[in-house]
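Thanks for coming, everyone. Please bring up the model on your screens, and we will go through it together.

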Amino acid sequence: MQPDRYDRQILDLLQREGRISNQELADRVSLSPSACLRRVRALEESGLITGYRALLDARRLGFSLTALVYISMDRHTPERFAHFESEISQIAEVLECLLITGQSADYQLKVVVADMDAYQELLLQRITRIAGVSGVHTSFVLRRVVDETALPVC
């Protein structure tokens with residue numbers, strides 16, 4: 001599906017204001033409510049819209065420490081990577097896991113924990129115990145400078 005300008009406006013607004021009513025969305029993109037709803041449904045069915053979520057404040061939930069964890073694997077085999085990915089996806093504190101290039105690491109994780117003790121527990125009791133993990137390097141986030149979830153569709 002190739003989104004046109006109306007679709008792009010709808011996508012942009014839904015990314016930024018996920019709870020907007022169909023009537024308000026239709027008004028803002030200058031479509032009738034029924035045409036707007038048809039477009040939203042088509043965007044969902046095409047897979048361009050993959051879901052709707054609430055964004056939560058990590059600090060208010062007790063997650064005051066964010067870390068970027070770089071993981072090196074001992075062997076670069078599909079089986080080793082598949083096992084790691086299966087195991088890491090089961091850890092709730094892992095918000096993001098990226099297979100990367102251009103670094104000495106194979107994966108970059110974004111994790112949230114309450115404090116340094118919780119990070120130590122996560123690292124030593126869970127992450128480094130996954131078969132194949134041969135090295136870990138961690139950077140701690142001091143401040144979020146840009147923290148966007150919206151893609152530049154317009």
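One definition before the sheet: two strands count as paired if DSSP finds at least two bridges between them. Strands themselves are DSSP runs of E, at least two residues long, and helices are runs of H or I, at least four residues long, with numbering from the N terminus. Now the ground rules. This is a predicted model, where local features need pLDDT of at least 70 and side-chain atom pairs count only at pLDDT 80 or more, while totals for chains, interfaces and linings use all residues. Residues are numbered from 1 along each chain as its sequence is written, and side-chain values use heavy atoms, with hydrogens and water left out.

So, the sheet. In strand 3, valine 111 is the bridge partner of alanine 67. That contact belongs to the pairing of strand 1 with strand 3, residues 107-113, which is antiparallel and runs over 7 bridges. Zoom out. The sheet is open, with 4 strands in the order 2-3-1-4 and antiparallel pairing. Which strands are at the edges? Strand 2 (94-99) and strand 4 (133-140), each pairing on one side only. From one strand to the next, the twist averages 20°. For that angle, axes are lines fitted to C-alpha atoms, for helices over the stretch in contact, and angles run from 0 to 180 degrees between N-to-C directions.

Next, salt bridges. The rule is a side-chain nitrogen of Lys or Arg within 4 Å of a carboxyl oxygen of Asp or Glu. By that rule there are 10. Take arginine 16 and glutamate 148: their closest N and O atoms are 3.8 Å apart. Arginine 16 sits in helix 1 (residues 5-16) and glutamate 148 in the segment after strand 4, so this pair ties together parts 132 residues apart in sequence.

How accessible are they? My terms: buried is under 20% relative accessible area, exposed is over 50%, and partly exposed is in between, with a 1.4 Å probe and protein chains only. Arginine 16 is partly exposed at 49%. Glutamate 148 is exposed at 55%.

Arginine 28 is in helix 2 (residues 22-29), and glutamate 17 is in the loop between helix 1 and helix 2, 11 residues apart. Both are partly exposed: arginine 28 at 38%, glutamate 17 at 31%.

Arginine 60 is exposed at 76%, whereas aspartate 57 is partly exposed at 41%. There is also a network: Asp4, Asp7 and Arg39 are joined by salt bridges that share partners.

On to the cysteines. Cysteine 154 is exposed, at 66%. Cysteine 97 is partly exposed, at 32%.

Last item, the surface. Leu56, Leu61 and Phe63 make a nonpolar patch with about 320 Å² of accessible area together. Patch members have over 30% relative accessible area and no salt bridge; like charges are joined within 9 Å, nonpolar side chains (Val, Leu, Ile, Met, Phe, Trp, Tyr) within 5 Å. Areas come from the Shrake-Rupley method with a 1.4 Å probe, and for residues only the protein chains shown count as cover. Phenylalanine 63 lies in the loop between helix 3 (33-46) and strand 1 (65-73). At 34%, phenylalanine 63 is partly exposed.
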